[in-house]
Amino acid sequence: MNLESLLNLILALLILSAVAVLLLRELIKRWRIGLRLAAGDESLLTDGSVSMKTVTDGPPGSSIVNQVPAVLIVDESSEIN
């Protein structure tokens with residue numbers, strides 16, 4: 001095995017490892033978000049690393065409207081100063 005083929009093998013392994021790490025990271029992230037959704041974690045509303053593309057669950061009479069951002073409404077009378 002000459003030096004060139006050894007370098008090619010090392011580079012291929014590095015690239016495959018990087019892709020595997022990225023895929024594993026994405027799978028774990030989606031799994032954790034699923035757990036947080038199932039638990040009803042309210043911190044998802046203010047988490048900057050999570051964005052909601054489509055809201056599919058809402059109160060009766062709600063409808064899906066494209067390109068309208070959801071805004072968290074905070075009841076200021078119930079906040080503790």
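At 31% relative accessibility, aspartate 41 counts as partly exposed. In this predicted model, the side chain of aspartate 41 meets that of arginine 36 in a salt bridge, with a distance of 3.0 Å from N to O. Arginine 36 is itself partly exposed, its relative accessible area being 24%. A further salt bridge joins arginine 36 to aspartate 47, and the closest N and O atoms of this pair are 3.0 Å apart. Because aspartate 47 lies in the segment after helix 1 whereas arginine 36 belongs to helix 1, this pair ties together parts that are eleven residues apart in sequence. Aspartate 47 has a relative accessible area of 22% and is therefore classed as partly exposed, since that class begins where the buried class, under 20%, ends.

A search of the whole structure finds three salt bridges. One of them is formed by the side chains of glutamate 26 and arginine 30, at 2.9 Å from N to O. Both residues lie in helix 1, four residues apart, which is about one turn of the helix. An α-helix has 3.6 residues a turn, so residues three or four places apart point the same way. Glutamate 26 counts as partly exposed, at 34% relative accessibility, while arginine 30, at 58%, counts as exposed.

Helix 1 covers residues 3-39. At 1.5 Å a residue, its 37 residues should span 54 Å, and this agrees with the 54 Å that separates its end C-alpha atoms. Just after helix 1, glycine 40 takes a positive phi of about 70 degrees.

A nonpolar surface patch of about 930 Å² is made by Met1, Leu3, Leu6, Leu7, Leu9, Ile10, Leu11, Leu13 and Leu14. Among these residues, leucine 6 is found in helix 1 and counts as partly exposed, with 37% relative accessibility.

For the chain as a whole, the radius of gyration is 22 Å, whereas a compact globule of 81 residues would have a value near 12 Å. The C-alpha trace spans about 75 × 35 × 20 Å along its principal axes. Buried residues make up 1% of the 81 residues in the chain. The accessible surface of the chain comes to about 8000 Å², and carbon and sulfur atoms account for 63% of this area.

Notes:
Residues numbered from 1 in each chain as written. Predicted model: local features only at pLDDT ≥ 70, side-chain atom pairs only at ≥ 80, totals over all residues. Heavy atoms only, no water. Patch = residues over 30% accessible without salt bridge, like charges linked within 9 Å, V, L, I, M, F, W, Y side chains within 5 Å. Areas by Shrake-Rupley, 256 points an atom, 1.4 Å probe, with all protein chains shown as cover. Salt bridge = Lys/Arg side-chain N within 4 Å of Asp/Glu carboxyl O. Helix = DSSP H or I, 4+ residues; strand = E, 2+ residues; numbered from the N terminus. Buried < 20%, exposed > 50% of the residue type's maximum accessible area, 1.4 Å probe, protein only. Expected span 1.5 Å × (residues − 1). Rg over C-alpha atoms; globule rule 2.2 N^0.38 Å.
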